[in-house]
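Here's a quick tour of a predicted model.

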Amino acid sequence: MHIMEGFLPAAHAVAWGCVAVPFVAAGAWKLKKIVIERPEARLQLAAAGGFAFVLSALKLPSVTGSCSHPTGTGLGAVLFGPSVMALLGSIVLLFQALLLAHGGLTTLGANIVSMAVVGPWVAYGLWRASTALKLPHAVGIALAATLGDLATYIVTSAQLALAFPDPVSGFGGAFAKFAGIFALTQVPLAIAEGLVTVVVINALVGRGFLKTEGVKA
């Protein structure tokens with residue numbers, strides 16, 4: 001993640017794009033609703049988008065046709081829920097494809113599904129679960145961002161395995177190989193992202209950019 005331009009077969013690229021569209025549309029509706037109801041949230045939304053852009057631009061070479069990097073989507077998922085991050089993450093991925101040659105237009109749908117849809121939903125689910133279990137906020141935020149990041153790479157591994165199954169062991173063998181290679185770089189990156197997300201949320205609260213004291217770790 002991101003999967004590079006032209007790497008996926010055309011049918012896979014189109015299919016992932018079709019999967020991504022309804023999530024992005026729902027994110028646009030949710031974002032509009034937040035801005036109307038809470039105009040003061042614009043700065044927080046910008047911070048969430050900027051955080052995802054900066055972190056996901058810090059890439060390391062990984063599996064052929066892809067790269068490893070933090071995703072930065074856990075912050076927005078905790079603050080605004082996963083739907084908003086589908087749109088913000090899509091904008092981030094589009095700008096990176098156009099300006100940084102990071103990812104691509106033909107693989108945009110696949111990258112949106114892994115980074116802007118699945119990752120935020122996993123992060124949000126873990127955040128809500130940690131809140132229900134009354135875990136310390138720092139723990140909940142760190143777990144949400146860390147495992148949301150790892151979920152992105154699990155999906156990317158599955159996407160690559162579907163497109164390029166192992167000649168002998170099929171999808172399962174290819175998935176194990178892709179995920180195993182990703183894990184070398186992604187596990188420490190995910191842990192670092194979890195810790196950075198805690199620091200950023202605390203900084204936003206401390207400087208008055210977040211009015212909801214409940215998210216402070």
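## Helix 4 against helix 5

Helix 4 (residues 82–99) and helix 5 (residues 108–132) have axes that come within 9 Å and cross at roughly 145°. Axes here are lines fitted to C-alpha atoms, for helices over the stretch in contact, with angles from 0 to 180 degrees between N-to-C directions. Contact means heavy atoms within 4.5 Å.

On the helix 4 side, the contact includes Pro-82, Met-85, Gly-89 and Leu-93; helix 5 brings residues including Leu-108, Met-115, Pro-120 and Trp-121. The residues of this contact split into 14 nonpolar, four polar and no charged (Ala, Val, Leu, Ile, Met, Phe, Trp, Tyr, Cys and Pro count as nonpolar, Asp, Glu, Lys and Arg as charged, the others, Gly among them, as polar).

## The whole chain

There are seven helices and two strands, running α-α-β-β-α-α-α-α-α from the N terminus. These are DSSP runs numbered from the N terminus: helices are H or I, at least four residues, and strands are E, at least two.

The C-alpha trace spans about 55 × 30 × 30 Å along its principal axes. Of the 217 residues, 48% count as buried, meaning under 20% relative accessible area (1.4 Å probe, protein chains only).

## Two spans up close

Residues 139–162 are 100% helix and 0% strand, with end C-alpha atoms 34 Å apart. For residues 78–101, it's 88% helix and 0% strand, and the ends are 29 Å apart by C-alpha.

## Ground rules

Residues are numbered from 1 along each chain as its sequence is written. Local features need pLDDT of at least 70, side-chain atom pairs count only at pLDDT 80 or more, totals for chains, interfaces and linings use all residues, and side-chain values use heavy atoms, leaving out hydrogens and water.

Notes: Buried means under 20% relative accessible area, exposed over 50%, partly exposed in between (1.4 Å probe, protein chains only).
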